[in-house]
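Below is a report on one protein chain.

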Amino acid sequence: MEFPTWSEIDIDALRHNVRATRSLVGENVRILLTIKADAYGHGAPRIARAAVSEGVDMLGVATLHEGIELRCCGIDVPILILSPSLISEIDEILEWDLTPTVSDLKFARALSFSLAGRKVVKVHVEIDTGMTRAGVNEDEAIAFIHELSRLGNLGIEGIYTHFPSTYVDDPEFTESQVKRFASLLDKLSAQGIEFPLRHTANSAAITQYPDSHFNMVRPGGMIYGMFPRPDFNGGGLKPVMSFKSRVVNVKRVRKGTSVSYGRTYTFDRDATVAAVAAGYGHGLSRALSNRGYLLVRGKRAPIVGMVTMDVTLIDVTGIPDVTVGDEVVIFGRQGDAEISVYEVADWCGTISYEVTCGIGKRVPRVYIENGRITGIVTLVGERLPKERIQLS
Ligand SMILES: *Cc1c(COP(=O)(O)O)cnc(C)c1O
């Protein structure tokens, strides 16, 4: 089946990246794959299945519903909810066997209370060592953990912190976070409190700060073959996603013709314009208006005029034989030519992660393994069981 616009997900590249990460951290460190935001736009269920079969031990989501979706798809490895959960979410957290992060005593008490007489639930404690987003303040950590261990039914399985600054040149800050986290673990250990899982490292830390690996790492980007910035791409990681569309109209226009909304671009010569079937409603950012390029027939064609919700226009004047139906690459390879997700991110003034996360539900994900298509996922609603659809 052909689509006007689609995203290709290379599962072989994903498997390669899991193995590359495994060889960086060694056999004794567990890997929690950060799979939040639908696996950074790659489609969480299929990414989870491939990653788990390649030896990923645990998954990290940001929301309850992301966790439930994975459970509905038959994923049975432990799933950690990285963001703080609400008290109102506790029943579903338990029902779906998800592991919450706890950094608030009210929440911890409610969790312990709702469990009275039932099984023990595993929790991870987040310590804030400098992200200042969530987590227990470092100076309150010991008291907090003592309180927590007094509550019944809670099994404190893990402790972690997060780095704000691994992808910019700021080694002192990250190193000090690692030291402070390690010394907190030592203090707790001296008081007889041990945590089976201790984790801090995101992708950029995995490659740059071996001391941050502890006994579990939390890669996201590197498993998808990308870092927030391109300069960390050591380790021979392979991009997993490419984003493609097709030419749906070709027009010859006269000098002086303007294009698209607001008439922000006017040709100063006779030209050929191609309409491409992807717009900001697909995740081709409006920030690319009159900026950036798309590949067609192996050549870069500049985007002209405003990107619209459904369609983007490119100047193909110098490119012979552009025809309706031609494949267009938004990022990825076409023959010898390539536009990387980093270039697109740069043109948009953002990072690679936001580009892949921004690829919307209307874009089918086409999964490729061993050179053949092994699955096509279209609308989000279609892959959820009925009761989930009715919930929303
Ligand atoms: C997103 C996230 C990660 C993964 O970061 P990458 O840069 O994608 O490796 C790890 N830990 C937490 C808490 C996160 O929110």
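Thr101 counts as buried, with a relative accessibility of 3%. The model is a predicted one. Thr101 sits in strand S5. Its side chain makes a polar contact with the side chain of Tyr160, at 2.7 Å. A polar atom of the Thr101 side chain also lies 2.7 Å from the backbone oxygen of Ile81.

Leaving aside residues up to four places away in sequence, Thr101 touches Leu80, Ile81, Leu82, Ser83, Phe107, His124, Glu126 and Tyr160. One of these, Phe107, is a buried residue of helix H6.

## Helix H6

Helix H6 covers residues 105-114. Which of its residues are buried? They are Phe107, Ala108, Ala110, Leu111 and Ser112. An α-helix has 3.6 residues a turn, so residues three or four places apart point the same way.

At the start of H6, a side-chain oxygen of Asp104 comes to within 3.4 Å of the backbone nitrogen of Lys106.

## Arg22 and the end of H1

Arg22 lies in helix H1. Is this arginine buried or exposed? Arg22 counts as buried, because its relative accessibility is 17% and the cut-off is under 20%. The side chain of Arg22 makes a polar contact with the side chain of Asp57, at 3.4 Å. Beyond residues up to four places away in sequence, Arg22 touches Glu27, Val29, Ile31, Gly55 and Asp57.

Gly26 lies in the loop between helix H1 (11-25) and strand S2 (30-34). Gly26 is partly exposed, at 25% relative accessible area. From Gly26 to Tyr261 the separation is 235 residues in sequence and 53 Å in space, C-alpha to C-alpha.

## Two domains

The protein divides into domain 1 (11-225) and domain 2 (241-360). Their C-alpha centres are 39 Å apart. Seven residues from domain 1 and five residues from domain 2 take part in the contact.

About 530 Å² is buried between domain 1 and domain 2, and carbon and sulfur atoms give 64% of this area. On the domain 1 side, Tyr40, Gly41 and His42 lose the most area to domain 2, together 65% of what that side buries. One residue pair is in polar contact between domain 1 and domain 2. By class, the side of domain 1 that touches domain 2 has two nonpolar, five polar and no charged residues.

## Positive phi

Most residues other than glycine have a negative phi. Where do Phe214 and Asn290 lie? Phe214 is in the loop between helix H9 (203-208) and strand S10 (216-217). Phe214 is not a glycine, yet has a positive phi of about 45 degrees. Its relative accessibility is 23%, so Phe214 counts as partly exposed.

Asn290 is in the loop between strand S14 (271-276) and strand S15 (293-296). Asn290 is not a glycine either, and has a positive phi of about 55 degrees. Its relative accessibility is 34%, so Asn290 counts as partly exposed.

## Salt bridges

How many salt bridges does the rule count? The count comes to 17. Glu343 and Arg300 meet through their side chains in one, at 2.9 Å from N to O. This pair links distant parts of the chain, with Glu343 in helix H10 (residues 341-348) and Arg300 in strand S16 (residues 299-302), 43 residues apart. Glu343 is partly exposed at 25% relative accessibility, and Arg300 is partly exposed at 36%.

The side chains of Arg362 and Asp310 also form a salt bridge, at 2.9 Å from N to O. Arg362 lies in the loop between helix H11 (352-357) and strand S20 (365-369), and Asp310 in the loop between S16 and strand S17 (312-315), 52 residues apart. Arg362 is partly exposed at 39%, and Asp310 is partly exposed at 36%. In a further salt bridge, the closest N and O atoms of Arg333 and Glu338 are 2.9 Å apart. Arg333 is partly exposed at 47%, and Glu338 is partly exposed at 34%. Salt bridges with shared partners join Arg15, Arg19, Glu54 and Glu369 into one network.

Terms used. Residues are numbered from 1 along each chain as its sequence is written. This is a predicted model: local features need pLDDT of at least 70, side-chain atom pairs count only at pLDDT 80 or more; totals for chains, interfaces and linings use all residues. Side-chain values use heavy atoms; hydrogens and water are left out. Buried means under 20% relative accessible area, exposed over 50%, partly exposed in between (1.4 Å probe, protein chains only). Helices (H or I, at least four residues) and strands (E, at least two) are DSSP runs, numbered from the N terminus. A polar contact is a pair of N or O atoms within 3.5 Å; within protein, one must be able to donate a hydrogen and the other to accept it, and residues adjacent in sequence count only if both atoms are side-chain atoms. Domain bounds come from an automatic or database domain assignment. Contact means heavy atoms within 4.5 Å. Buried area is the accessible area (1.4 Å probe) that two parts lose on being put together, summed over both. Ala, Val, Leu, Ile, Met, Phe, Trp, Tyr, Cys and Pro count as nonpolar, Asp, Glu, Lys and Arg as charged, and the others, Gly among them, as polar. A salt bridge is a side-chain nitrogen of Lys or Arg within 4 Å of a carboxyl oxygen of Asp or Glu.
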